Each structure stands twice: as structure tokens, then as C-alpha cells.
Amino acid sequence: MKIWSSNFSIFPYSFDELVSTFWDRYPNSHATHIISEDVLEREITPDYIRTTKLIVKQGNSIMKRIPSWLSSMTKIRQVPTLEESVYDRHTHTLTTYTRNVANGDLFQMHERCIYRPVFPESKTIPASRLLRSVYISARKMSSVYENVMLLGFKKSVTGTFKGLTEKLEERYGMRSLNTLADKHKLSQKFREKLEKLKEFKSSPSHFPEMLN
């Protein structure tokens with residue numbers, strides 16, 4: 001079993017901008033591995049928006065490096081995943097849970113992402129953050145497979161970030177974190193919090209709820 005949490009990803013866009021773009025982040029030039037995306041269910045209430053999607057992805061290309069006689073996992077060409085997202089209007093969070101719904105006898109990969117404003121106390125500063133965690137279990141097989149799968153997941157994180165950023169730029173124009181502090185005349189308190197988020201190094205052993 002492997003549990004890993006990424007560092008914070010920070011977007012120079014408001015939380016509302018990020019949420020509205022998240023639901024339409026495909027297709028983008030960094031997600032060529034996405035085969036199809038279908039909304040199975042959506043529930044909208046005054047308190048939250050709950051969405052369930054079936055997203056079919058290409059098999060993990062990293063696994064192809066393993067000789068086929070070592071594992072049947074190298075034969076997996078498509079991975080159907082279920083993505084459940086909850087947008088909470090009161091807590092100002094978007095939480096997503098994604099897991100594979102096929103080949104469960106071979107492996108389990110569960111991902112959790114939490115999006116929220118960097119500065120919830122200020123609605124005028126366009127900055128949002130993402131904390132991503134993943135749980136991987138290769139069942140009865142060696143931890144070597146889990147390490148390979150985790151390597152592939154880590155590699156995909158950069159592309160996922162770039163893909164969402166690409167869609168945000170298409171909608172709202174290009175922005176930079178480097179100019180955010182000066183453009184919006186952030187106080188010293190806000191500047192320190194932003195730098196703390198940039199420098200934060202997550203632990204690989206837990207699913208943290210940090211820097212609320």
C-alpha cells in the first residue's frame with residue numbers, strides 16, 4: 001500500500017473561476033489520455049452541487065515498461081474511473097474522489113483532491129489552492145508494482161495542473177502568481193501565507209488537512 005500527498009498547487013484565479021472551469025476541463029492539450037467523459041448524475045441544492053462522472057482513461061503507460069510475463073497489468077489498455085465531486089457553498093470547498101471501477105482484483109487507486117480559496121477572508125484576491133492525495137494498493141502483488149504506479153501518478157500530476165491552467169487561461173486570460181502580491185497590494189500577512197503555501201512540503205504518510 002502506498003499513500004502520497006502532493007505539495008500545494010496554487011492557481012492565480014478566484015475559487016469561483018476555478019470551480020466553474022473544473023467541470024469543463026476536458027478536452028485540453030495535456031489530457032490526451034482521456035478517452036471519454038460522461039456525467040452519470042448531478043444533484044444541485046442550495047447548499048451543494050454533487051456530480052458523478054465516468055471518465056475512461058488510457059492504461060498507465062509506465063506499466064508497459066514491465067515485461068508482460070511478470071504481470072497481467074501490462075495488458076490493461078483502458079481504465080474506467082468514477083469521479084465524485086462535491087462543491088460546498090458554505091465551506092467554499094470543492095472535494096473530488098476518483099477511483100478505478102475495473103480491474104479491482106489487480107489494483108486499487110483512490111485519489112482525493114481538495115480545492116479551496118487561498119484567502120477565504122478576502123473575496124477580492126483571485127487565488128485558489130489544491131491539495132492532492134492518492135492511495136494505491138496492488139493487492140497481493142509486490143510493492144514494486146505500487147512504486148511503478150505511484151511514479152506514473154506523480155508524472156501525471158504536472159499534466160493535470162497544466163491542463164486545468166490552460167482552460168482557466170482560455171476563459172479568463174493569462175495570470176501570474178509572481179505579480180499577484182503586488183497587483184492586489186497584499187498585506188504582509190497575506191504575502192507570508194502565500195509563501196508558506198508555496199514552500200509547504202507534504203508528508204507521504206497521511207492525508208493532511210493543512211493550513212485551513
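Helices H1 and H2 cross in a right-handed sense; a crossing is left-handed if the near helix is turned anticlockwise from the far one by less than a right angle, and right-handed if clockwise. The model is a predicted one, in which local features need pLDDT of at least 70, side-chain atom pairs count only at pLDDT 80 or more, and totals for chains, interfaces and linings use all residues. Residues are numbered from 1 along each chain as its sequence is written, and side-chain values use heavy atoms, with hydrogens and water left out.

**Helices H1 and H2**

- H1 (residues 15-22) packs against H2 (residues 143-172) at an angle of about 110°, and their axes lie 10 Å apart. This angle makes H1 roughly perpendicular to H2, a label used for angles of 65 to 115 degrees, whereas under 35 counts as roughly parallel, over 145 as roughly antiparallel and the rest as oblique.
- Axes are lines fitted to C-alpha atoms, for helices over the stretch in contact, and angles run from 0 to 180 degrees between N-to-C directions.
- On the H1 side, Glu17, Leu18, Ser20, Thr21 and Phe22 meet Leu164, Lys167, Leu168, Arg171 and Tyr172 of H2; contact means heavy atoms within 4.5 Å.
- H1 is largely enclosed by the rest of the structure, because 6 of its 8 residues are buried. Buried means under 20% relative accessible area, exposed over 50%, and partly exposed in between (1.4 Å probe, protein chains only).
- The buried residues of H1 are Phe15, Glu17, Leu18, Val19, Thr21 and Phe22. Their cover includes strand E2 (9-11), E5, E6, strand E7 (108-117), E8 and H2.

**Overall architecture**

- The protein contains 4 helices and 8 strands. Helices (H or I, at least four residues) and strands (E, at least two) are DSSP runs, numbered from the N terminus.
- Along the sequence, the pattern is β-β-α-β-β-β-β-β-β-α-α-α.
- Of the 212 residues, 46% count as buried.
- Among contacts between residues at least 6 apart in sequence, 64% join residues at least 24 apart.

**Strand pairing around E5**

- Strands E4 (residues 48-58) and E5 (residues 78-88) run antiparallel and are joined by 11 bridges. Two strands pair if DSSP finds at least two bridges between them.
- Lys57 has Val79 in E5 as its bridge partner.
- E5 also pairs with strand E6 (residues 93-100), in the antiparallel sense, over 8 bridges. Here Val86 stands opposite Thr95 in E6.
- E5 and E6 form a hairpin with 4 residues between them, and His92 in the turn has a positive phi of about 55°.

**Arg132 in strand E8**

- Arg132 belongs to strand E8 (residues 128-137) and counts as buried, at 5% relative accessibility.
- Its side chain makes a polar contact of 2.6 Å with the side chain of Glu111. A polar contact is a pair of N or O atoms within 3.5 Å; within protein, one must be able to donate a hydrogen and the other to accept it, and residues adjacent in sequence count only if both atoms are side-chain atoms.
- Leaving aside residues up to four places away in sequence, Arg132 touches residues including Trp4, Cys113, Phe153 and Thr160.

**Phe190 in helix H4**

- Phe190 is found in helix H4 (residues 188-199) and is buried, with a relative accessible area of 14%.
- Phe190 touches Phe119, Glu121, Ser122 and Ile125, not counting residues up to four places away in sequence.
- Phe190 and Ile125 are separated by 65 residues in sequence and by 9.9 Å in space, C-alpha to C-alpha.
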